[in-house]
Amino acid sequence: MTHEHHHQHDGHHGSSKPDESAGRYDDVPAGFAGTVYTCPMHPQVRSTEAGSCPVCGMGLEPETASLEEEDTSELQDMRRRLWGAAALSLPLVFLAMGGMVPGVDMDAIVAHDIRVWLELALATPVVLWCGWPFLVRGWRSVISWNLNMFTLIALGVGVAYVYSVVATVAPGVFPPSFRGDSGQVGVYFEAAAVIVTLVLLGQVLELRARSSTNAAIKSLLGLAPRTARRIGDDGEETDIPLADVAIDDRLRVRPGEKVPVDGEVTEGRSSVDESMITGEPIPVEKSAGDEVIGATVNGTGSLVIRARRVGSDTMLAQIVHMVAAAARSRAPIQNLVDVVASWFVPAVVLAAVITFATWAALGPEPAMAYALINAVAVLIIACPCALGLATPMSIMVASGKGASAGVLFKDAEAIQALRDVDTLVVDKTGTLTEGRPRLVDVITAKGFDEADVLRLAATLERGSEHPLAAAIVEGAKSRDIEPGEYSAFDSVTGKGVKGRINDRDVALGNPLLMEALSVDVDALTGQAETLRAEGRTAMFVAIDGEVAGLVAVADPIKDTTPAAIEALHADGLRIVMMTGDSETTARAVAQQLGIDDVMAGVLPEAKAENVKRLQDQGAVVAMAGDGINDAPALAQAQVGIAMGTGTDVAMESAGVTLVKGDLNGIVRARALSRATMRNIRQNLFFAFVYNALGVPVAAGVLYPFFGIGLSPMIAAAAMSFSSVSVIGNALRLKRTSL
């Protein structure tokens, strides 16, 4: 059952903004800073005020999630109407149907003529006040020619009520075909009232369920602490509201507290539980220089951090934004539903007309009364509300579920496409590996001391900008070797560096540099080749024109990578590694991990072309990467997967972001994608099959054979149940194990 953010005045004046002009779907002025409302089914509908969608009558929802108290005015309003409708419908049903109970003579309790007027008195407030929102939306759908579920509800209720009013006020206008054995014209006030009551019940259940589908976003927002402890220039510490934290503020995070914003540790050591953001249960050790994420929980140590990203730039804020946008987006399968729905309502109205004509011509007496009641039953049971809810409800629940497992979907299309992927292209650096080179080997030539060689290499590399240089300097420091000072330094592009340290000529680089300096490296060439075959980058160190040793740097494979590759293979994926590294290094890593295919020496600009080449061969490609240079390839792939440890640009061009930046997230994302699509198909099955079976029964197909008809009240109950079953099924996704 779809719904509208219905405000009290809305129903009576019919003046909610988005509906004044059904054709103008976007009435948000440029630069508008307030809350923008949109329809979950028709994202092109955007308005500055809450109201109902001019296309489907569904309630507009805020585009951005917030922690402010949710606007429950519509739920309260619908609840009030439901209680009113139920209180009046019960005695009404007793008056109308009491005579069917064995031993009860209604005429002895209340005379027939008085009873009809009592029924009119009870039904009128139910239809005209409790059911007013549906009548208004039904009328709007007709005048704007956007026929939807409310068209059918308003038609069914309106026909039953108006017919009964005329039968009560002026029964003489009806010919004999409308009269029963006693010569009286039957009235159907109880049908109109009970339909309104059951539709209201469906609305209330749906509104409550919808707020629970948004609970994931709400709980994410609730993770952020309310305050931060700022350290002033004078060392004074004060608690300030989170909104007042500025970039470069120094903040104290005490044991057990939440980290207020994204930042960098400047003092202290502690382990931080990042599970609420990354989905990974093991706390991560943090010390000076490490990055921390806002809303994660500090362990037993005390930390001082410098704020790096605040407000809407923090990772938590970006996650909330992505989840909210994905929950509102449309899956391609929704287009099929829309096409069906656009033909569905006119087809149902036609079915109701045919039902009426058939019963009027062939039905038992009073033929017209039977014709009317069956036509109303057809209109009500065929209401396509379950059809409209089938896809959006599943997508909303799945987006929230993914966020709690560290998997962020940019839109519903990514959820749908990920299930069909058969080839996964992975970038090596930062995706399979940690992305931070480390010093792993120091080998010396005869007559040279290891500590001495490393000290000279690190001293020289202090002048270099290269990432490998930083690895050598850090590696030396971790072995308690402090680099010294150089008196001359020269970087030789593509070859290495050379300089002068304490009156000694030192050079560090590849064989080309050694050749240029006429240094004989034969003694260590074999070992250098062995290191390269193991996927390491080996560099020669020469001192005073003589080869002194080798330093080898490697980008270590992430601990989680081997198991993730195994799981992806088990999931039926072909894995292709694409890297700018040399063939030897790339092959070594691929062999170690059991990767199916390698594309080595790929320039950044050629990555997208390589993805396209795979697609041209018929592969459905997902690409996982983390750098700016991966963005074009991420956009080219059917599904781009950004490692959350990487850049914002990569996240922007990807359909899926893994907050933890580890391939296990792809296994989780695939499992969720499959579960979601299965859930959507189940929902559509419920909705379609239910309508396909319900309409003929309501039309009276079984009557000639079994004497079975379907009263409009049973039809209304079945319709509400179908919507609730779709919502209940979508909420099952929350329990999917990933």
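How many helices and strands does the secondary structure of the chain come to? The chain has 27 helices and 25 strands, where helices (H or I, at least four residues) and strands (E, at least two) are DSSP runs numbered from the N terminus. This is a predicted model, in which local features need pLDDT of at least 70, side-chain atom pairs count only at pLDDT 80 or more, and totals for chains, interfaces and linings use all residues. Residues are numbered from 1 along each chain as its sequence is written, and side-chain values use heavy atoms, with hydrogens and water left out.

Of its 738 residues, 51% are buried (under 20% relative accessible area, 1.4 Å probe, protein chains only).

Next, select residues 367–381, helix α12, together with residues 664–699, helix α25. They pack at about 170 degrees with axes 8 Å apart; axes are lines fitted to C-alpha atoms over the stretch in contact, and angles run from 0 to 180 degrees between N-to-C directions. The two helices are therefore roughly antiparallel (over 145 degrees).

Show side chains at the contact (heavy atoms within 4.5 Å). From α12 come Asn374, Ala377, Val378 and Ile381; they meet α25 residues including Tyr690, Asn691 and Gly694.

Now move to strand β8, residues 270–273. It lies in an open sheet of 3 strands, ordered β9-β8-β11, with antiparallel pairing (a pair needs at least two DSSP bridges). The edge strands are β9 (284–286) and β11 (297–298). β8 and β9 are joined by 3 bridges; select Ser271 and its bridge partner in β9, Glu285.

Terms used: Angles under 35 degrees count as roughly parallel, over 145 as roughly antiparallel, 65 to 115 as roughly perpendicular and the rest as oblique. Buried means under 20% relative accessible area, exposed over 50%, partly exposed in between (1.4 Å probe, protein chains only).
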